[in-house]
Amino acid sequence: MRHPLQAQVLLTLAALGALACRATPDQATAAKAAREANAIRPVRPEWVTIYDPQRASNGYTLTLHESRIPVLLDMNGRPVHGWPRARIKSRVRLLPDGSILGIGLGRQVVEYDWDGNKTWEFATPDAIPHHDVLRLANGNTLVLLLRNGEGDDTLLEVDRAGKVVWSWRAAEHLGALLPKKPAHPSDLTHINSLQELPENPWYTAGDRRFRPGSLLLSARNLNLVFVVERPSGDVVWWFNQGLDRQHEAHMNATGEPRQGHIQIFNNRPAAFRSDRQSEILEIAPSTDKVVWRYKAPGFFSPTSGLQQALPNGNILITSTRGGRVFEIDHQGELAWEWAPPYEPVRALRVAKNACPQLAALAPQPERAVTPAEGYRFVDPDAYRFARRGARQNVLIDGQPHTVLAGDGGCGEVLLPLAARLDVAYGVDRTREPKTDLPSPVFTVRVEKLGSESNRGSAAPVELLNDQIGAGSEAWRKRSLSLEGYALQTVRLCVEVSSPPGAAERFAFWEQPQIATGNQAEHVEDPALDDLTVEERAVRLEHLKSLGYIN
């Protein structure tokens, strides 16, 4: 059992764990382990940017360090335990005996004990397990998977011996809820969360649709959450009002705050062209009424994400694309925030006595973290200039570039603190007209917009005006300060005056990037270098099925 004062050991997580479990007399193996260990960043307490011990729901936070290694953090972001030998792709859950259950990097779901020994696995050679896995009240495991050659998801209930005791296939039960012309025929349902319904006031009052033990599911590509009755497999309730690629449908149990209500992480990727805000919905399923919602400028995760109802009535939110995990009360006030330099994955708050090993820890003193006056985290997707469809890949003078699809464009964005606009632009000399035409002029303008109720704007300010003439440097990069517009909504416009008469386009803007010290990074994990060929293929298929890559 590890004492919290030994947390420094865990600051290398996979580092020391990988060395301990992989070191052999073979020098090449030892050297490889050392390289992996040194490449993985430590977990740092300073990633906790806000913490109010009196208002937060105190406990430990279970998450995946750099999207792979399970770790438990205290409220000040200090690691108290980790599983460096575990190979987890996405969801990880802590079990009452201190084990963890998760989705392996290959085609299997896996269980590890507190000490990191693999104690159980269920292989799915003909399917990809994805998004969620659940230990049921009867001790069996619910596995969510997409079989080879099928476009809809399947659920399997598996006992400890690996025997399938119940199965359910979406296309056989959703009926009229399936679209006649699906937008994603190879990934029709894209179920992304599982819950076994708890005791709840609706069932107690006689509504049989919400029988404890039935399954609450979220199907992202159908914009649908629904309840499946077991063992019949019938869909007995559904909700689809205003949903847009949602995640994590979860009902609060009897005795918990806001009992019986279902909370949903509504991603709203379509909001990129409007308010750029995701939302947390809370609905009363007996009436299908939205009884509470949380939206805030700067909270935007167009894919992924999770919310968790906490014992004190607060809500823990994982804004994966936003690069942070944060806790709010029902007035929307922040009580805790964790902002690592990578995209966090489905963090869950667990009680200090969630398992015997945690209960035995002597906790370190908790320290309040109060941000500097004016601090505010803005999720990176809230200030991304252009999404897929507005840009294209081209070769310019033989070098690959991701450029805007047109001669420019504008975007309304909420800027973070200490922001700058990084731009690259220029001409392709191989396409440049040989005739004597005016040289292209590249401009960047910013205009400060008014409040949501008053959409007037200040006069635009020109940040860049640059002409690229014949014989001059063909490709240029500039960093333009936006600090004077911190935490304000602005309209940013980039344009190039393409000369008339050119036979083809030859002047380009590279995808503009708004950068800040608080921005989460997209990190390639060097520890993935030891994946097998099969695991690499499965990981690629998984990312494609999630829509993260083409």
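1. Salt bridges first. A search of the whole structure, which is a predicted model, turns up 36 salt bridges.

2. Start with arginine 91 and aspartate 132. These two form a salt bridge, and their closest N and O atoms sit 2.8 Å apart. Arginine 91 belongs to strand E5 (residues 88-94) and aspartate 132 to strand E9 (residues 127-135), so the pair ties together parts that are 41 residues apart in sequence. Buried or exposed, these two, arginine 91 and aspartate 132? Arginine 91 is buried, and aspartate 132 is buried as well.

3. Arg91 and Asp132 are linked with Arg93, Glu248 and Arg346 in a network of salt bridges.

4. Next up, glutamate 337 and arginine 324. Their side chains meet in a salt bridge at 3.0 Å, N to O. Here the link is between distant parts of the chain: glutamate 337 is in strand E24 (residues 334-338), arginine 324 is in strand E23 (residues 324-328), and the two are 13 residues apart. Glutamate 337 and arginine 324 are both buried.

5. Then there is lysine 352 with glutamate 366, whose side chains meet in a salt bridge, 3.0 Å from N to O. This one runs from loop to loop: lysine 352 lies in the loop between strand E25 (348-350) and helix H5 (356-359), and glutamate 366 in the loop between H5 and strand E26 (391-396), so the pair ties together parts that are 14 residues apart in sequence.

6. How does that loop pair stand towards solvent? Lysine 352 has a relative accessibility of 32%, so it counts as partly exposed. Glutamate 366 has a relative accessible area of 35%, so it is partly exposed too. Buried, for the record, would need a value under 20%.

7. Glutamate 366 turns up again at the largest cavity. The structure holds 4 cavities of 30 Å³ or more, and the largest has a volume of about 80 Å³. Which residues lie nearest the centre of the largest cavity? They are Tyr60, Asp74, Pro363, Gln364 and Glu366, out of 11 lining residues. Sorted by class, that lining has 5 nonpolar, 4 charged and 2 polar residues.

8. A word on arginine 147, found in strand E10 (residues 141-147). Its relative accessible area is 28%, so arginine 147 is partly exposed. Leaving aside residues up to four places away in sequence, arginine 147 touches Asp126, Ala127, Thr154 and Leu156.

9. Now the overall picture. The chain has 35 strands and 6 helices. Of its 550 residues, 54% count as buried. The accessible surface of the chain comes to about 23200 Å², and carbon and sulfur atoms account for 50% of that.

10. Last, the contact pattern. Take contacts in the chain between residues at least 6 apart in sequence: 60% of them join residues at least 24 apart. Of the pairs above, arginine 91 and aspartate 132 are separated by 41 residues, while glutamate 337 and arginine 324 are separated by 13.

Definitions and conventions. Residues are numbered from 1 along each chain as its sequence is written. This is a predicted model: local features need pLDDT of at least 70, side-chain atom pairs count only at pLDDT 80 or more; totals for chains, interfaces and linings use all residues. Side-chain values use heavy atoms; hydrogens and water are left out. On a 1 Å grid over the protein atoms alone, a cavity is a set of points where a 1.4 Å probe fits but cannot get out, and a pocket is an open set with protein on both sides within 12 Å along at least five of seven lines; lining residues have an atom within 4 Å of a point. Grid points are joined across faces, edges and corners, and a volume is the space filled by probe spheres set on the points. Ala, Val, Leu, Ile, Met, Phe, Trp, Tyr, Cys and Pro count as nonpolar, Asp, Glu, Lys and Arg as charged, and the others, Gly among them, as polar. Helices (H or I, at least four residues) and strands (E, at least two) are DSSP runs, numbered from the N terminus. Buried means under 20% relative accessible area, exposed over 50%, partly exposed in between (1.4 Å probe, protein chains only). Contact means heavy atoms within 4.5 Å. A salt bridge is a side-chain nitrogen of Lys or Arg within 4 Å of a carboxyl oxygen of Asp or Glu. Accessible areas come from the Shrake-Rupley method with a 1.4 Å probe; for residues, only the protein chains shown count as cover.
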